[in-house]
Amino acid sequence: MNDVPETKIRKRRGLKWVLGGTTAALAAAAAIVVMMPATAQAAITSNSTGTNNGYFYSFWEQASGASMTLGAGSNYSLNWNTGSQNVVAGTGWNPGSNHTVSYSGSWNCNGNCYLSLYGWTTSPLIEYYIVENFGNYNPSSGATKLGSVNSDGSTYDLYKTTRTNQPSIQGTATFDQYWAVRQSHRTSGTITIANIFNGWKSVGLNLGSSFDYQILATEGYQSSGSSNVTVSEGTTTSTTPVTSVPVTTTTTSSGGGGTGACTATYTTTSSWQGGFNGQVTIKNSGSASISSWTSKLNLASGQTISSLWQGVNTGTSGTVTVKNAPYNGSLGAGASTTYGFTASGSSSTAPTATCSVP
């Protein structure tokens, strides 16, 4: 079992916890580190991290009310009640990566709970969740949706939140949280993590250059429940989305009396069987600031937009009109902004985009 600094397990738990703020009790509870024997069937009731049967494990709770048992291989079971306030536990790897993960087992939730692939990166410090299932509270509530990605038989909606001066694996810090919330809930399956990471990247959410730990986690916030989960390296199937080589098409148009002009650059950021993610960069190519722009996105036959972010679209197929959203603000000379979308259909014929200003 590997000893780790106490800051490695000091962190907040749950987006509802984020929106409601933290308490001094969290920092106090997180400061307790007791390393447990790395043997099968070891009961854990105090905050700890380590290795068991070659797999990394982590157990954290805000107050007493939960118990984790390490089984054979990567298996773990967790039981918790409302006395724990907030608990998260799981097994996986340290460091994590963008590999493919398979998991199976049972997960029983009474209240606000998550079943997630959970981890951290550093440089910069990022906390991320790939949420496979949740109870009576959607962890994306209150966050702004940035896009979506199709992977492993479902759509994952993508979000970002920011934590300011909160507990982390590096002590008290300010850091971003990345969320991918699966629309079709499940308690077993395969997660092609690279697809989610690429989805985040396509909407401007870049992970850190170094991975810290990564676990298939059970989390409960002011709730009760139980889980029994086994995790392993998975195998990607032929129907799993794969990253494509970006295809870029640029079309330029201008307007606005000679001083206002813009260009539109389209890029396919990722693709999979039956769909793809695209991004259009709008650049002010004129000599004066522009406060509004209109982009024409020309989709090929069979391509249909299912979601679009950082812009307001009219239509979902054929020629789609996209205007800057109210929060985009004005663009100074030479400045740029982007809008992105998820579409069904083949990406073999890349869409084209144009831009004009009033």
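Which residue in β20 is the bridge partner of N313? In this predicted model it is V322, and the pair belongs to a set of three bridges that join β19 to β20 (residues 319–323), the two strands running antiparallel. Strands here, like helices, are DSSP runs numbered from the N terminus (E, at least two residues, for strands; H or I, at least four, for helices), and two strands count as paired if DSSP finds at least two bridges between them.

The model is a prediction, with local features needing pLDDT of at least 70 and side-chain atom pairs counting only at pLDDT 80 or more, while totals for chains, interfaces and linings use all residues. Residue numbers start from 1 along each chain as its sequence is written, and side-chain values use heavy atoms, with hydrogens and water left out.

Zooming out from that bridge, β19 and β20 sit in an open sheet of four strands, ordered β19-β20-β17-β22 with antiparallel pairing. The edges are β19 (312–314) and β22 (352–356), each of which pairs on one side only. From one strand to the next, the twist averages 25 degrees (axes are lines fitted to C-alpha atoms, for helices over the stretch in contact, and angles run from 0 to 180 degrees between N-to-C directions).

As for the whole protein chain, it contains three helices and 22 strands. Of its 358 residues, 53% are buried, where buried means under 20% relative accessible area, exposed means over 50%, and partly exposed is anything in between (1.4 Å probe, protein chains only). The accessible surface comes to about 13,300 Å², with 48% of it belonging to carbon and sulfur atoms; areas come from the Shrake-Rupley method with a 1.4 Å probe, and for residues only the protein chains shown count as cover. Among contacts (heavy atoms within 4.5 Å) with a separation of 6 or more, 68% are between residues 24 or more positions apart.

Now for the interior. In soluble globular proteins, nonpolar side chains tend to be buried together. A nonpolar core is taken as a set of buried Ala, Val, Leu, Ile, Met, Phe, Trp, Tyr and Cys residues joined through side-chain atoms within 4.5 Å. The largest such core has 40 residues, and those with the most contacts inside it are F59, M68, L78, L117, I130, W200 and L216. Strand β7 (residues 100–122) gives the most to this core, namely six residues. I130 is in contact with L115, S116, L117, Y156, A180, I191, I193, I196 and W200, once neighbours within four places in sequence are set aside. A second, separate core has 22 residues, including W293, V322, A343 and C355.

Several of the I130 contacts, among them I193, I196 and W200, are also buried residues of helix α3. This helix (residues 193–202) is mostly covered, with seven of its 10 residues buried. After α3 comes G204, which has a positive phi, near 85 degrees.

The structure also holds two disulfides, a disulfide being a pair of cysteine sulfur atoms within 2.5 Å. Counting bonded cysteines along the chain, the pattern is 1-2, 3-4. One of the disulfides joins C109 to C113, with an S to S distance of 2.2 Å; its S-S torsion is about 85 degrees, so this disulfide is right-handed. C109 counts as partly exposed because its relative accessibility is 22%, whereas C113, at 0%, counts as buried. In the other, the sulfur atoms of C262 and C355 are 2.0 Å apart. The torsion about that S-S bond is about -105 degrees, so the disulfide is left-handed. Since C262 lies in strand β15 (residues 261–272) and C355 in strand β22, the pair ties together parts that are 93 residues apart in sequence. Both ends are buried, C262 with a relative accessible area of 0% and C355 with 1%.

S84 lies in the loop between β5 (76–80) and β6 (86–93), and its 1% relative accessibility makes it count as buried. Neighbours within four places aside, S84 is in contact with E61, Q62, A63, S64, G65 and A66. Q183 is placed in the loop between β11 (173–182) and β12 (189–192), and at 48% relative accessibility it counts as partly exposed. Not counting residues up to four places away in sequence, Q183 touches S154, T155 and D157. Q183 and D157 are 26 residues apart in sequence, and their C-alpha atoms are 7.3 Å apart in space.
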